[in-house]
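Please open the model in your viewer and keep the sequence panel beside it. The tour below goes from one selection to the next and says what is found at each stop.

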Amino acid sequence: MTKRQFLGPVVALLTSVTACAGSGHPAPAAPATASTSASPRPQPVTAVMMDLIGGNAGRAAEQMGPDTEVAFKDVSGKGRSVDEPAEWKICETRPGPNEQITAYPVVLGVVRVAESCE
């Protein structure tokens, strides 16, 4: 299996700081309500896997974007390394088409363009 990670630009996180004014005493906190309470364990952000079956592996990796970690796996049974994804076509994906992407890397099962997926 060949694994490539496409790294996007570094994103800067900005934090705003509020200064306390007045007597130096902190302002009283507003009572928490069901609508303002934060979840102690936020859910991870997920995306849906595109239907890439039959497509070109090189173009598919580009479509998925620079922040998506992609691994290519030769599913022909020959165990070849996928050095040039543009020379391979996609036979299967993990996760499958239209399924949630909840872990990385996304795995593209591929064979050479001239070969059959079956």
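Begin by selecting D74, K78, R80 and E115, which are linked in a network of salt bridges, a salt bridge being a side-chain nitrogen of Lys or Arg within 4 Å of a carboxyl oxygen of Asp or Glu. By this rule the count comes to four salt bridges.

Before going further, note that this is a predicted model, in which local features need pLDDT of at least 70 and side-chain atom pairs count only at pLDDT 80 or more, while totals for chains, interfaces and linings use all residues. Residues are numbered from 1 along each chain as its sequence is written, and side-chain values use heavy atoms, with hydrogens and water left out.

**The salt-bridge network**

E115 meets K78 in a salt bridge at 3.6 Å, N to O; because E115 lies in the segment after β6 and K78 in the loop between β3 and β4, the pair ties together parts that are 37 residues apart in sequence. The side chains of R80 and E115 also meet in a salt bridge, here at 2.8 Å, N to O, and this pair links distant parts of the chain, with R80 in the loop between β3 and β4 and E115 in the segment after β6, 35 residues apart.

Now centre the view on D74, which has its place in strand β3 (residues 69-74); helices (H or I, at least four residues) and strands (E, at least two) are DSSP runs, numbered from the N terminus. The side chain of D74 makes a polar contact with the side chain of S76 at 2.7 Å, where a polar contact is a pair of N or O atoms within 3.5 Å; within protein, one must be able to donate a hydrogen and the other to accept it, and residues adjacent in sequence count only if both atoms are side-chain atoms. Leaving aside neighbours within four places in sequence, D74 is in contact (heavy atoms within 4.5 Å) with G79, R80, V82, W88 and V110.

**The fold and its core**

Next, switch to a cartoon view and follow the chain from the N terminus, where the elements run β-β-α-β-β-β-β. Of the 118 residues of the protein, 26% count as buried.

For the core, select M49, L52, F72, I90, L108 and V110, which have the most contacts inside the largest nonpolar core of 15 residues. Such a core is a set of buried Ala, Val, Leu, Ile, Met, Phe, Trp, Tyr and Cys residues joined through side-chain atoms within 4.5 Å. The elements α1 (57-64), β3, β4 and β6 each supply at least two residues of this core, and α1 gives the most, with four residues. From I90, leaving aside neighbours within four places in sequence, the contacts include L52, A57, A60, L108 and C117.

**The disulfide**

The torsion about the S-S bond of C91 and C117 is about -85°, so the disulfide is left-handed. C91 is buried, with a relative accessible area of 15%, whereas C117 counts as partly exposed at 37%.

**Backbone details in the loops**

Most residues other than glycine have a negative phi, and most peptide bonds are trans. Select R94 and P95, where the peptide bond is cis, with omega near 0°; P95 has its place in the loop between β4 and β5 (100-101). In that loop, between β4 and β5, N98 is also found, and its phi is near 65°, a positive value in a residue other than glycine. Finish at Y104 and P105, which a cis peptide bond joins, with omega about 10°, and where P105 lies in the loop between β5 and β6.

Definitions and conventions. Disulfide = S-S within 2.5 Å. Buried < 20%, exposed > 50% of the residue type's maximum accessible area, 1.4 Å probe, protein only.
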